[in-house]
Amino acid sequence: MQMTEPMVLPIDLLILPVQDLPEHVRQQVKAEEGDFALTRPNSRTPSRIIDAAAADLLKEFRSPVTIVEAVIRYSRERKIDPEQILEEAYPLLERLAGSHLLVPSSSEEAKKIQASLEVPSRFLEFEVVRCLQSLDDTELYQLKSEDGQFVALKLGRSDARDHALRMFDREEAMLTRLHGESTPRLLRSGKTDNGQRYLVMEWCPGQDCATAATHLRSQVGMASRRRLLALCSSILEAYVRLHQKNVIHSDIHPRNVLIDNSGDPNHPGQARIIDFGFARISGIEHEYRAAQRAGVAFFFEPEYARAALRKQPPPASSALGEQYALSALLYSLITGNYYLDFSLEKEEMLRQIAEDPPLPFIRRGVSAWPELEQILAKALSKHASDRFLTLAEFAAAINALAQSQDVAIDEAVQPSAYPDAQQMLRSIIERMDVGGSLFDAGINAAPSVSVTYGSAGIAYAFYRIACTRDDPHLLATADLWSARSSKDVGRPDAFYSTEIEITPEIVGRISPYHTASGIYAVQMLIARAQGDLLTQQQAMEAFLLTARQAPCESLDVTLGRSGPLLAASFLLNAIRGCKYIEATPLTTFGNQVFEEIWAELDTFKPIRECKQIAYSGAAHGWAGILFATLNWCKVSGAPLPHTLEERLDQLARMAEHFGRCTRWKWSIRPMSAAQGSQYMAGWCNGSAGFVFLWTLAHRMLGQPEHSRLAEGAAYDAWESESPLGNLCCGYAGQAYALLNMYKHSGEPVWLYRAQALAQRAARAILDMPHGETFQDLVLRGDSLYKGEVGVALLTEELNRPEYAAMPFFELES
């Protein structure tokens, strides 16, 4: 850098206030208030942070000026000593010149970095199709040959520095040595007439491995894990082939690993490794045995980091160092995050690489995967001697895990028999159909009419069975049970029972599950199936009247205001598209309840600190309230509350992961040992209820994390034992959650698991001792939610699982 030579900032150099950078970038950058970031798009030169005074001085170089002139002009405007400014600023200006961020005004580097080949144009006998990348030293293009085949062109700049030209020589040697094994085949190399170095290579269709992994993580179920393992295996096998040829790639990061389009969603495709400009030959004498170290810092091995911290020359890239970098890469592909929360301060990042162990998957919001985490941790050992002996051994461990996952899946994907549940279905229809013993006698135990315990629940079950079978006789039976429940709403025992503590003080007066509003909602659904317009209109009016008949402080689904909102969703969904039923009163009611609920919720503290809602689950807590809201917005078209995603995130952060399962404490408030287990698997307060929330949230919001939470909750519902068989707290509700997961993921294994739980549900009910107080509370044989009726309906819907819906909770198809 000459003091008298005019210098200039490259025309495309950006000087940006740090405060204008994205928040996630600002959090990782050590900067003072008022600092600026110096960055040049498409340049390999790292960005720099400078203070405001330096930024002002650099602006003098937007047009050609000597350093002396720039300093004098800057000093004169600020009335400060130019000699002092020159002394203080010269080291910075010298570093910027060395980084080619301050360049001679006559230099080609002063111009904007842009493609040197036009589209369309010709290069040799090829047509230039598009520019893929244009950096300050190299460019990458897609070309097309005369026979229509695509090829890739890597082209050096005409003014490229010597080290960039040597990188072309090195890459040519490596591609020649590898003969297209895990790499593009080298088709041609040479120099253009104006001295530009070039490599023409086989075109590899596909995408970088990070993009491929993002797609796989967004999928649902064990298939996602299986395909991610297949992706990891493909990458490791590609690098094993390199190492077998004594090639150390030395530049591992996601953009240098391409994944072919296989056309088979079950197999991500073959991995191809690109960019060998820093590669070296190891273990044999070769002209390229030595190589400059380079790469992306997130994938450096501890040996490199320790040398850098000690200001020592970096060690040569090695097979064991490459194993560490690959494990770091695979961790990022599986979780979507780096294996550490890296600081962007160089010294601290190097210390982290040298000392800190990888974060467990659960810290990344991913279900724990102990078998894989153990393998990756070994490859990420801080001392090379503790890693796998070879990369082939690392790859074998991943392949063995993939095969064990396939075996576990194969063992699970078998249809399950549920004979006791099928017999229970036959018995229920026989007893409750017209002419059956219970149809004639009616329900005498209180509550005798409600959806949860009484005749309205039977009406709903027969309605759903009739729809599944397309059976007009059973639909007529449902209508008779519904008419009976409408007639009996005035009975003293219709909705309440002090014996089982179902009182107005506890369940309120508006709940569709426990009061008259549910009777009319069921009546309207049945009338809709029958095409009875008059009864639909009358039932809707009666529902709206009874759902408003008393004030209610509770916000939850089964006892509070979210219940009528959810029921309104069912009814609006049922009459959608019917021009003979005026939906406006229903929509007005739903919107009013919806707005009241969220006006109140928005005054509450975050879920962990909230005093007003004590529970987390579907029946009595946050999961149910959020589920009802999503359903109403889905059906009515109302905009989602602006704080809904924040509430979902708060609930997600309360999840606890163990193995492949995810669960939530049912009580948000601290519990004593005397209160029993903190966890449940059933629908009302446990994991099963969460499945419905997270699958719906995933469909409506598209967040992969919601799908992972649903899957983890479904595993907990599947793997948890219960003494109960009913819909509310037992196996039947858990089975419906697995059916929901089956519909969401399309994986038959969830259907087969639901079948197995249906059998367990029937056996639990049949094996329950008779005549005990506990039985009276949780096992009401003629009850939809507490007895055999719910298990019978589940059994019927297993025949057409695509139409199954958790009774009076999940929207019907």
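Where is His 100 found? His 100 sits in the loop between helix H4 (82-98) and E5. The notes below start from the whole model and return to that residue.

1. **Ground rules.** This is a predicted model, in which local features need pLDDT of at least 70, side-chain atom pairs count only at pLDDT 80 or more, and totals for chains, interfaces and linings use all residues. Residues are numbered from 1 along each chain as its sequence is written, and side-chain values use heavy atoms, with hydrogens and water left out.

2. **Confidence.** pLDDT is the predictor's confidence in each residue, from 0 to 100. The protein chain averages 91, and 95% of the residues score at least 70. Helix H22 (residues 622-636) has the highest confidence, at 98. Helix H28 (residues 773-778) has the lowest, at a mean of 50.

3. **Overall build.** The protein chain has 29 helices and 18 strands. These are DSSP runs, numbered from the N terminus (helices: H or I, at least four residues; strands: E, at least two). The C-alpha trace spans about 105 × 65 × 60 Å along its principal axes. Of the 813 residues, 56% are buried. Buried means under 20% relative accessible area, exposed over 50%, and partly exposed in between (1.4 Å probe, protein chains only).

4. **Nonpolar cores.** A nonpolar core is a set of buried Ala, Val, Leu, Ile, Met, Phe, Trp, Tyr and Cys residues joined through side-chain atoms within 4.5 Å. The largest has 147 residues. Phe 543, Leu 651, Trp 683, Trp 694 and Phe 809 touch the most other members. Helix H27 (residues 748-767) gives the largest share of this core, 12 residues. A second, separate core of 68 residues includes Ala 328, Leu 330, Ile 353 and Ala 402.

5. **Ile 443 and its loop.** Ile 443 lies in the loop between helix H14 (437-441) and helix H15 (455-469). Ile 443 counts as buried because its relative accessibility is 10%. Leaving out residues up to four places away in sequence, Ile 443 touches Ser 448, Tyr 453, Gly 454, Ser 455, Ile 458, Arg 491 and Asp 782. Contact here means heavy atoms within 4.5 Å. Pro 447 is also in the loop between H14 and H15. A cis peptide bond joins Ala 446 and Pro 447, with omega about -5 degrees.

6. **Ser 482.** Ser 482 lies in helix H16 (residues 472-487). At 1% relative accessibility, this serine counts as buried. Ser 482 and Val 522 are 40 residues apart in sequence, yet 7.2 Å apart in space, C-alpha to C-alpha. Not counting residues up to four places away in sequence, Ser 482 touches Ala 459, Gln 523 and Ile 526.

7. **Backbone exceptions.** Most residues other than glycine have a negative phi, and most peptide bonds are trans. His 100 has a positive phi of about 65 degrees although it is not a glycine. At 26% relative accessibility, His 100 counts as partly exposed. Phe 808 has a positive phi of about 60 degrees, and it is not a glycine either. Phe 808 is in the segment after helix H29 (788-797). With 2% relative accessibility, Phe 808 counts as buried. Another cis peptide bond joins Val 119 and Pro 120, with omega about -5 degrees. Pro 120 lies in the loop between strand E5 (103-104) and strand E6 (122-123).
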